[in-house]
Amino acid sequence: MRPEALNPLFAEARDLDGVGPKLMKPLEKLGLTRVKDFAYHLPERFVTRRAITDLDEGAEGEQVIVALTPTEHRASRNPGRGPYRVLAQDEAGNICALTYFGRASYSARKQLPVGEKRWVAGRLDRYGDMLQIVHPDHVEEDGNAHLGRLMEPVYALSEGLTQPRMASLTAQALGRLPDLPEWIEPGQFDAQNWPKWQDALRLAHKDDHKEARDRLAYDELLANSLALLLVKADSRRRKGQALAGDGRLRAKLDLPFEMTGAQKRSIAEIEGDLQQEAPMLRLLQGDVGAGKTVVALAAMLIAVEAGKQAAMLAPTEILARQHYETLRKMAAPTGAEVALLTGRAKGKEREGILMGLLDGSIDILVGTHSIFQDTVNYRDLGLVVIDEQHRFGVAQRLALAGKGRRAPHTLAMTATPIPRSLTLAQYGEMDVSRLDELPPGRQAIDTRVISQDRLDDMVAGVERHLATGQQAYWVCPMVRDNETDDIAAAEARYAYLKERFGDDVVMVHGQLPGDVKDANMERFAGGGAKLLVATTVIEVGVDVPSATLMVIEQVERFGLAQLHQLRGRVGRGSEKSVCVLLRGGALSETGKKRLALMRETQDGFRIAEEDLELRGGGELLGTRQSGDAAFRIANLEQVQQLLPVAHADARLLMDRDGGLTSERGEAARQLLYLFERDWGVQLLRGG
């Protein structure tokens, strides 16, 4: 149960003065639904203003506060479209135009009566020969009101919100902050000269206070590290089962290739973990095409050799079916029985699978989230493999782990290369194995960058490619702020290409009904369609060897890790493959370097490391995750600097105060609730 002291922070945004149904819509777009969300909605930057009495003292482009007396209102000849100007003069007689557009002109009529002095805050610019301030930030009757605005926060907004309204709501939220005990280790707290929690939040909204920002980022990183360590500790506490395979099934594998050193090393690490009674919690990081599936099969066969069952969880039905077909073929010589369970399985087919799991005749089950359901039970589940684990929250992983008589071992896999410095942030509860070698014979993908202006040439190139009998992907970007726009973009491109290529084109995106999406995907995979138009739903798992051309539009909107994943959808057969990156108009120097890196290398781990250096910010993995929440407060620089310290602090708290029953441990409980690491909180015995 959440500590009572935190209840004021978890009150709904509607409890704040001035928040009604109309305002809730833009607030919800920003994720501001509770009081605490406003407290942690930190300013993006601060405006520093200078108070002047004479307009001649101000420089063009400077933020100023100045006393002005309106002398004339000039409405546009074209009401509603042209500017509405209020001419005003300073104490020295200099004239300035206060310029408004659209509905803002209504407030100008009320706020700026002719002949009455007002204090105006805004950016001083020039229009022709006249000084002007467009849409003043503030207009006040009392000059003292402006003294507190010499430095003012600037918040991220959505349509329907203004800076003054956001500042008002934030001030209300900060007024409700409870007095909480300190959770940071005293030595660390003193050494950093950090403010207390309440003070840090208030200071972070007041000015660009580095110590306050760092302290709040550290809180978030400490909560995340502590929650992950609680998962690990809980896993270690559970009564597991040691799985010692005798090698008889693995010896029967007839692979058409020699495993890489990285694959052999990873299998050895997994085998060592499985032999321990404490349940394994290991992450297998493998670059695109590095051979994770073979490692997963070897791990599952160890479990079967030990008389247990194994289950593989995939994020989509398409990927589950592909894994099933691959594993069934590879495992055929061993005699291990592999089955598939998805939402499509009905009636007798489903009953047969459920019975096979109960009586033990099914050794390996592959499926989607269906294998979480209460009706799915196993005779003796020994190992769970989770593919593309970032798509599943910790709570989902724990639900599957509860399916065995004893806690099963867990192997999570991801094809998203993560910089070493960030692995702790995402996978702090896991041991990590890396597949950093590609199998021999894997062909390089020819990567080219061309301008979006040459779209017609690109379409003609696709036409020539399809005429050879090969297939192609065409990927449209995802725009974070408004997903309906991306779908429209994908559908518009689909309509354009369908007009050119007819029924040879199919489309998939996240908003299509599941059965339609699966049918289109299967038609493409089976060769019934030659061109697949898609959003990033195809970034993992899609395996169509005859698809040898990948076109990605507006590549500047993607993280490099995501581009690398998408490029990995081609190059899966014996034919030469090409990836074309269509770029927009003006590219920054960083943008040029990023695309040059994509052309230069196909090493996903190198791309991830260098992209981190090039960007210095942005989303940690270069792609949105639908499993565990990303950091809201900590930026990339803070993660790199503070995460190792926070992780060490969390470990100290766990080792010294195992049950979190000490005074600092009780404070840390509140921290976990504050940052909603609920899956960590639930593991606290009696918590």
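Okay, let's start with a helix pair: helix H7, residues 210-237, packs against helix H20, residues 636-656, at an angle of about 50°, with the axes 8 Å apart. Axes here are lines fitted to C-alpha atoms, for helices over the stretch in contact, and angles run from 0 to 180 degrees between N-to-C directions. H7 and H20 are therefore oblique to each other; the scheme is under 35 degrees for roughly parallel, over 145 for roughly antiparallel, 65 to 115 for roughly perpendicular, and oblique for the rest. The crossing of H7 past H20 is right-handed, meaning the near helix is turned clockwise from the far one by less than a right angle, with anticlockwise being left-handed.

Who touches whom? On the H7 side you'll find, among others, Leu-221, Leu-222 and Leu-229, and on the H20 side, residues including Leu-642, Leu-643 and Met-654. Contact means heavy atoms within 4.5 Å. Sorted by class, the contact of H7 with H20 has 16 nonpolar, three polar and four charged residues. For the classes, Ala, Val, Leu, Ile, Met, Phe, Trp, Tyr, Cys and Pro are nonpolar, Asp, Glu, Lys and Arg are charged, and the others, Gly among them, are polar.

Quick word on provenance. This is a predicted model, where local features need pLDDT of at least 70 and side-chain atom pairs count only at pLDDT 80 or more, while totals for chains, interfaces and linings use all residues. Residues are numbered from 1 along each chain as its sequence is written, and side-chain values use heavy atoms, with hydrogens and water left out.

Zooming out, the protein has 22 helices and 23 strands. Those are DSSP runs numbered from the N terminus, helices being H or I with at least four residues and strands E with at least two. Of its 687 residues, 54% count as buried, that is, under 20% relative accessible area, against over 50% for exposed and in between for partly exposed, using a 1.4 Å probe and protein chains only. Take the contacts between residues at least 6 apart in sequence: 73% of them join residues at least 24 apart.

Now the sheet. Seven strands form an open sheet in the order E13-E14-E12-E15-E16-E11-E17, with parallel pairing; two strands pair if DSSP finds at least two bridges between them. E13 (338-341) and E17 (431-435) each have a single partner strand, so one side of each is left without a neighbour in the sheet. From one strand to the next, the twist averages 20°. Helix H11, residues 347-359, lies across E12, E13 and E14, at about 130° to E13. Helix H8, residues 261-274, lies across E11, E15, E16 and E17, running at about 160° to E17.

Elsewhere, have a look at strand E19, residues 471-475. Are its residues buried or exposed? Five of the five are buried. Gln-471, Tyr-473 and Val-475 point one way, Ala-472 and Trp-474 the other. E19 pairs in the parallel sense with E22, residues 547-552, over five bridges, with Tyr-473 opposite Met-550. E19 also runs parallel to E21, residues 531-534, through four bridges, and there Val-475 is partnered with Ala-534.

Last one: helices H17 (560-567) and H18 (589-600) cross at roughly 30°, their axes coming within 11 Å. H17 and H18 are therefore roughly parallel.
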